[in-house]
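User: Let's go through this structure together, one question at a time. Ready when you are.

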Amino acid sequence: METKTKFELKLGMATREAFGKALAELGRQNKDVVALDADLSKSTYTNFFQKEFPDRFVECGIAEADMIGIGAGLASSGKIPFAASFSCFAINKGFEQLRVAVAFPNVNLKVVGTHSGISIGEDGPSQMSIEDLGLACSLPGFAVLSPADEVAARALVFASAAHVGPVFIRTGRPKAPIVHTPDQHFEIGGSVQLTDGKDLTIIAHGLLVAEAIRAQETLESEGISARVVDMYSIKPLDRTAIERASAETGAIVVAEEHLAASGLGVRVAQVIAESRPCPMEFVGIEDTYAESGPPEALMEKYGLTAKNVAAAARRVLKRK
């Protein structure tokens, strides 16, 4: 795509809401699409689907493990099920079923985690999912996706429905800045280069994509040219984009609202180590859980802002 040099980051809907609206739209187009929820449909926005297609909606109660098992059964019978809950519940409580009933037989279940990361704010650490991507990526055969905005979320819901095999989509609670144009193409295994640059590349996903863009603008004012890549497909990775970034810019920063030790950063580092090594820095949650508080304050405290991304860029350039 043609890359931009300036962005007007307007606030759009939350990616969880974009998922819910896309799911209802998908349901109108395909009668085999069904939805499951774990007593959180107003929060996950599967209630949009429920209102239109009550006979294709399964309320599983507060029982994510059962929800995953039911979803696996529906997938095995030819349906295209989307099972939704908070990420920490869908992945952590459902992991055994995801492993045995979904990944091992490679069934066509789509799992959607909402309220991901620490940006859920006042809900507190028991409902914050900071390890979901690492767990999802560890499941063989799973595609793992993390949209940055409403445009990406809608497109990736449709791409997931067309994909044959298990998928995990990570969505968030807060409204997200719009970083993509409505006509942007998304595919499983892809990425989007949002800005070009020659000094370093910032690779991000989810809410940190907007922070990466803000950091890029700060760096540009300092005479530093930064490429920004939205790596929305965590698994499979766009290896070509990563290798090109290393070859053309020679330094990489990975930024994400996830544990730094088990998220996108380690996966990008593996590609770099196997192909074309270069200096790297990582912006993410260090070896800790967060706490309850306003989302903006938490993102600031745990180092997940444009300021932190820009600082990592300066550090990596010193090692280039």
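**Pockets, rings and buried spots**

Analyst: Let's start with the lining of the largest pocket: its residues divide into nine nonpolar, two polar and five charged. Keep in mind that this is a predicted model.

User: What volume does the largest pocket have?

Analyst: The volume here is the space filled by probe spheres set on the grid points. On that basis, the largest pocket comes to about 350 Å³.

User: Which residues are closest to the centre of the largest pocket?

Analyst: The lining of the largest pocket is made of 16 residues. The closest to the pocket centre are Pro174, Lys175, Leu207, Glu211 and Glu296.

User: How many cavities of 30 Å³ or more does the structure hold, and what is the volume of the largest cavity?

Analyst: A cavity is a set of points where a 1.4 Å probe fits but cannot get out. With the 30 Å³ cut-off, the structure holds one. The volume of the largest cavity is about 150 Å³.

User: Which residues lie nearest the centre of the largest cavity, and how does its lining divide by class?

Analyst: Of the 15 lining residues, Thr171, Gly172, Gly206, Leu207 and Glu257 lie nearest the centre of the largest cavity. Gly counts as polar in this scheme. By class, the lining of the largest cavity has five nonpolar, eight polar and two charged residues.

User: On to the rings. How are the planes of Phe49 and Phe53 arranged: stacked, edge-to-face or tilted?

Analyst: The count comes to four aromatic pairs. In the one formed by Phe49 and Phe53, the ring centres are 4.9 Å apart and the planes sit at 50 degrees. Stacked needs under 30 degrees and edge-to-face over 60, so with its 50 degrees the Phe49 and Phe53 pair is tilted.

User: Are those two residues, Phe49 and Phe53, buried or exposed?

Analyst: The cut-off for buried is under 20% relative accessible area. Phe49 has 0% relative accessibility and Phe53 has 12%, so Phe49 counts as buried, and Phe53 likewise counts as buried.

User: What kind of pair do Phe186 and Tyr232 form, and how many residues apart are they?

Analyst: Their centres are 5.0 Å apart with 65 degrees between the planes, which makes the Phe186 and Tyr232 pair edge-to-face. Phe186 is in the loop between strand 8 (175–177) and strand 9 (192–195), and Tyr232 is in the loop between strand 11 (226–230) and strand 12 (233–235). That links distant parts of the chain, 46 residues apart.

User: Which charged residues sit over the rings of Phe53 and Phe89?

Analyst: Over the face of Phe53, at 4.3 Å from the ring centre, lies Arg56. Over the ring of Phe89, 5.4 Å from its centre, sits the charged end of Lys93.

User: Which side chain does the side chain of Thr201 join in a polar contact?

Analyst: Thr201 has its place in strand 10 (residues 200–204) and is buried, with a relative accessible area of 0%. At 2.9 Å, its side-chain partner in the polar contact is Thr249.

User: Last one: how far apart in space are Asp37 and Ala90, C-alpha to C-alpha?

Analyst: Asp37 is in strand 2 (residues 33–37) and counts as buried at 0% relative accessibility. Asp37 and Ala90 are 53 residues apart in sequence. In space, C-alpha to C-alpha, the distance is 9.7 Å.

Conventions
Residues are numbered from 1 along each chain as its sequence is written. This is a predicted model: local features need pLDDT of at least 70, side-chain atom pairs count only at pLDDT 80 or more; totals for chains, interfaces and linings use all residues. Side-chain values use heavy atoms; hydrogens and water are left out. Rings of Phe, Tyr and Trp (its six-membered ring) pair if their centres lie within 6.5 Å; planes under 30 degrees apart count as stacked, over 60 as edge-to-face and the rest as tilted. Buried means under 20% relative accessible area, exposed over 50%, partly exposed in between (1.4 Å probe, protein chains only). Helices (H or I, at least four residues) and strands (E, at least two) are DSSP runs, numbered from the N terminus. A charge sits over a ring if NZ of Lys or CZ of Arg is within 6 Å of the ring centre and within 35 degrees of the ring normal. On a 1 Å grid over the protein atoms alone, a cavity is a set of points where a 1.4 Å probe fits but cannot get out, and a pocket is an open set with protein on both sides within 12 Å along at least five of seven lines; lining residues have an atom within 4 Å of a point. A polar contact is a pair of N or O atoms within 3.5 Å; within protein, one must be able to donate a hydrogen and the other to accept it, and residues adjacent in sequence count only if both atoms are side-chain atoms.
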